[in-house]
Amino acid sequence: MKVLDNDHTLKHLVLTGHEDGKVCVWSLQKFIVVLDDFKAPVTAMSKCFDGVAFGTAAGQIHFWDEYLYQATKIIDITRGMPFKTLSPLIVSIDYNQQRIMAATKNGDLIEINLKGDIQAHRINTLVRLTSPASNALAILTQQE
């Protein structure tokens with residue numbers, strides 16, 4: 001990830017998410033700071049729109065601005081959805097245009113529309129994954 005330094009020059013950063021809920025910021029091999037403590041394991045992260053999205057095992061997606069100054073929005077996939085997710089643990093996050101796609105450990109793929117109200121629906125063509133070896137999912141999207 002690239003962000004502006006205090007002297008307005010670009011610097012490259014690496015973000016790591018941890019089981020204790022902390023997100024750490026690194027520059028090359030040097031630790032800089034703990035960005036936040038989400039109180040639940042950080043299980044997914046992705047560059048997203050004009051910032052970064054972090055997914056947690058508790059079913060929350062935290063959006064941060066592109067300069068990593070502050071959280072701009074939190075979406076909880078366990079509340080306010082028209083269905084109960086099979087698992088709240090988010091394993092993958094992707095985005096396309098004005099939509100977020102979040103995959104959970106047990107095979108839910110949730111599309112969240114961010115054009116106004118948050119809307120979500122289950123994409124019914126997925127098969128529930130029950131194997132204990134299925135710890136990761138990849139989201140494939142087609143660019144239009």
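Tutor: The protein chain has an average pLDDT of 77, and 72% of its residues score at least 70; pLDDT is the predictor's confidence in each residue, from 0 to 100. This is a predicted model, in which local features need pLDDT of at least 70 and side-chain atom pairs count only at pLDDT 80 or more, while totals for chains, interfaces and linings use all residues. Residues are numbered from 1 along each chain as its sequence is written, and side-chain values use heavy atoms, leaving out hydrogens and water.

Student: Where in the protein chain is confidence lowest, and where is it highest?
Tutor: Strand β1 (residues 2-4) is lowest, with a mean of 48, and strand β7 (residues 51-56) is highest, at 92. Where pLDDT is low, the predicted coordinates should not be read in detail.

Student: How do you know that β3 and β4 pair?
Tutor: Two strands pair if DSSP finds at least two bridges between them, and strands are DSSP runs of E with at least two residues, numbered from the N terminus. β3 and strand β4 (residues 22-27) have 4 bridges, in the antiparallel sense, so they meet the definition. Thr 16, for instance, has Cys 24 in β4 as its bridge partner.

Student: What makes β3 and β5 edge strands?
Tutor: The open sheet has 3 strands in the order β3-β4-β5, with antiparallel pairing. β3 (14-17) and β5 (30-37) each pair on one side only, so they are its edge strands.

Student: Why is Leu 68 called buried?
Tutor: Buried means under 20% relative accessible area, exposed over 50%, and partly exposed in between (1.4 Å probe, protein chains only). Leu 68 has 9% relative accessibility, so it counts as buried. Leu 68 sits in the loop between β8 and β9 (71-76), and has a positive phi of about 60° although it is not a glycine.

Student: And why is Lys 39 called exposed?
Tutor: Its relative accessible area is 68%, so Lys 39 is exposed. Lys 39 lies in the loop between β5 and β6 and has a positive phi of about 65° without being a glycine. Most residues other than glycine have a negative phi.

Student: What makes a group of residues a nonpolar core?
Tutor: Such a core is a set of buried Ala, Val, Leu, Ile, Met, Phe, Trp, Tyr and Cys residues joined through side-chain atoms within 4.5 Å. The largest one has 16 residues, of which Ile 61, Ile 100 and Ile 112 touch the most other members. Another core, apart from it, has 11 residues, including Leu 13 and Val 42.
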